Amino acid sequence: MTVQHFTPEGMLQPAPYHHVAVGTGTRHVHVSGQVARRADGSRVAPGDLAGQVAQALRNTAIGLAGAGASFTDVLRLTFYVTRWSPEKIGDFMTGVEAVADEIGLRLPMPPASLIGVEYLFEPDVLVEVETTALLD
């Protein structure tokens with residue numbers, strides 16, 4: 001196994017992600033920030049945080065697969081969400097849970113950060129996902 005995820009006793013539990021990832025591979029895969037767009041650039045789920053999270057994760061899975069990786073190889077996820085507020089966590093997690101089985105994302109997720117930002121590169125983009133994976 002290239003990546004082991006866990007949450008040691010004494011760390012915050014439950015959380016929707018593991019607190020620790022240990023990677024033992026030698027090949028790093030970095031997938032740039034993915035948003036809710038199809039390959040042709042068309043928008044997916046305008047104004048819908050859950051729908052955009054799901055599509056951004058689908059796009060991340062495509063990027064990983066292109067490098068011969070999957071979510072089982074992911075060390076870390078970083079989410080950037082526009083105009084973040086704590087009451088949005090339900091919609092955010094709905095998007096994650098809606099697509100997890102489809103893309104092979106185990107829950108709890110790998111170590112993750114959710115960073116609130118004022119805006120991303122276009123006004124209709126609500127979320128962006130970046131990831132790092134490690135392969136043997």
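Reader: What covers the buried residues of H2?

Author: This is a predicted model, in which local features need pLDDT of at least 70, side-chain atom pairs count only at pLDDT 80 or more, and totals for chains, interfaces and linings use all residues. Residues are numbered from 1 along each chain as its sequence is written, and side-chain values use heavy atoms, with hydrogens and water left out. Helices (H or I, at least four residues) and strands (E, at least two) are DSSP runs numbered from the N terminus, and contact means heavy atoms within 4.5 Å. The cover over the buried residues of H2 includes helix H1 (49–66), S4 and strand S5 (112–117).

Reader: Which residues of H2 are buried?

Author: Buried means under 20% relative accessible area, exposed over 50%, and partly exposed in between (1.4 Å probe, protein chains only). An α-helix has 3.6 residues a turn, so residues three or four places apart point the same way. In H2 the buried residues are Phe92, Met93, Gly95, Val96, Val99, Ala100 and Ile103.

Reader: How far apart are the end C-alpha atoms of H2?

Author: The expected span of a helix is 1.5 Å times one less than its number of residues. H2 has 15 residues and should therefore span 21 Å; this agrees with its end C-alpha atoms, which are apart by 21 Å.

Reader: How are the rings of Phe79 and Phe92 arranged?

Author: Rings of Phe, Tyr and Trp (its six-membered ring) pair if their centres lie within 6.5 Å; planes under 30 degrees apart count as stacked, over 60 as edge-to-face and the rest as tilted. Phe79 belongs to strand S4 (residues 74–82) and Phe92 to helix H2 (residues 89–103), 13 residues apart. Their ring centres are 4.9 Å apart and their planes stand at 85°, so the pair is edge-to-face.

Reader: Which residues form the aromatic cluster?

Author: The rule gives two aromatic pairs. One cluster is formed by Phe79, Trp84 and Phe92.

Reader: Is Trp84 buried, partly exposed or exposed?

Author: Trp84 has 27% relative accessibility and so counts as partly exposed.

Reader: Which residues is Ala67 in contact with, leaving aside neighbours within four places in sequence?

Author: Ala67 sits in the loop between H1 and S4. Ala67 and Val29 are 38 residues apart in sequence, yet their C-alpha atoms are 7.1 Å apart. With those neighbours set aside, the contacts of Ala67 are Arg27, Val29 and Leu135.
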